[in-house]
Amino acid sequence: MPRILIMITRIASAGLLLTLSLIHTSATASTFEANTMRFDRMSVADGLAQSSVLDIAQDQTGYLWFATEGGLDRYDGISFTHYRTERGNPNALASDFVRALDMASDGSLWIATDGGGISRWDPATDQITTYRHTEGDRTSVASDRIRTILATDDGDVWVGTRDAGLNKLDTASGEFEHFVSDAGDASTLSSDKIFALEMDLSGSLWIATGAGLNRLDTGSGDITRIALDQDIAEQYTGLRSLLVAQDGAIWVGTSNRGLIRYDVATNEINHNRHAPEQPGSLSSNRVEAIFEDNIGRLRVGTDSGLNLLDASSDEA
């Protein structure tokens, strides 16, 4: 029986772009790539809250959720339901600038906003609970400007702030633990600017910061700074994206040094960079997104296009 594969991507200036392609479950990747794809676009005119879609999640019932700069949207395949700020309503979003989403194993949706802290959507009540920064309260979230969020199976929620470090929310108590950078202490974060978070199978949290890659042992709370630039002369200005691959390798997208693969077992570091004289190289050294498909190939999003990398051959 054939199945329908739906892939969704973002076009900042034109809203949401849905790509539908009918393929057979036994079809190879090369067959899929040879198919002609049909693109259906959805914009504000179709009900989308705002045309800049920054993140996408799917809940257990199949609904799609879209983080936009004008609020949170839920799509049922026909129409949109909007979640926005509402004056005087504590069960509404505290900011319409929604940066990131993560679906928890209990079916709740965690929402990172820029300016309104973090929020949790409860599927049982369709209500939103928000956690805001409170000046002088060390148990509150360190900042209301959130860039990324990660909900784990043990009930913790990891929060990457724009410039106030990493936070861990204990959902049972509602209290936050803070992890910050100290330039004089190598056992702290490399930077308080957090761009991406990923958990590996061993329970280590990988953190892409504005000044390097860090690993946090979630059992002990110990932080290790990973030196990714040890074999290159130029320093990178920061990290943008992160992926824990199926083989356990850590792939890191940088601001200006391309794509880096870090082998956790051997500490080996490999760089993939743009080379103008090589048409098959990475299209840009600014890597914004990394995705791995089910056969281990990487889709790498840069500020100059999308790249397909066969990790087994390192060919873009």
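Glu-198 stands opposite Trp-206 in β17. This is a predicted model, in which local features need pLDDT of at least 70 and side-chain atom pairs count only at pLDDT 80 or more, while totals for chains, interfaces and linings use all residues. Residues are numbered from 1 along each chain as its sequence is written, and side-chain values use heavy atoms, with hydrogens and water left out.

**Around β17**

Let's stay with β17 for a bit. Strand β17 covers residues 204-209; strands here are DSSP runs of E with at least two residues, numbered from the N terminus. On one side, strand β16 (residues 194-199) runs antiparallel to β17, with five bridges joining the two. Two strands count as paired if DSSP finds at least two bridges between them. Four residues sit between the strands in the hairpin of β16 and β17, and Gly-203 takes a positive phi near 95° there.

β17 also pairs with strand β18 (residues 212-217), again antiparallel, through six bridges. That hairpin has two residues between its strands, and Arg-215 in β18 is the bridge partner of Trp-206.

What about burial? Six of the six residues of β17 are buried, so the strand is mostly covered, where buried means under 20% relative accessible area (1.4 Å probe, protein chains only). Ser-204, Trp-206 and Ala-208 point one way, Leu-205, Ile-207 and Thr-209 the other, and all are buried.

**Two open sheets**

Strands of a sheet pair through backbone hydrogen bonds, either parallel or antiparallel.

Across one of its pairings, Trp-251 stands opposite Arg-261 in β22.

Here are some of the strand pairs, with their bridges:

| Strand pair | Sense | Bridges |
|---|---|---|
| β16 and β17 | antiparallel | five bridges |
| β17 and β18 | antiparallel | six bridges |
| β12 and β13 | antiparallel | five bridges |
| β21 and β22 | antiparallel | four bridges |

Key
Buried < 20%, exposed > 50% of the residue type's maximum accessible area, 1.4 Å probe, protein only.
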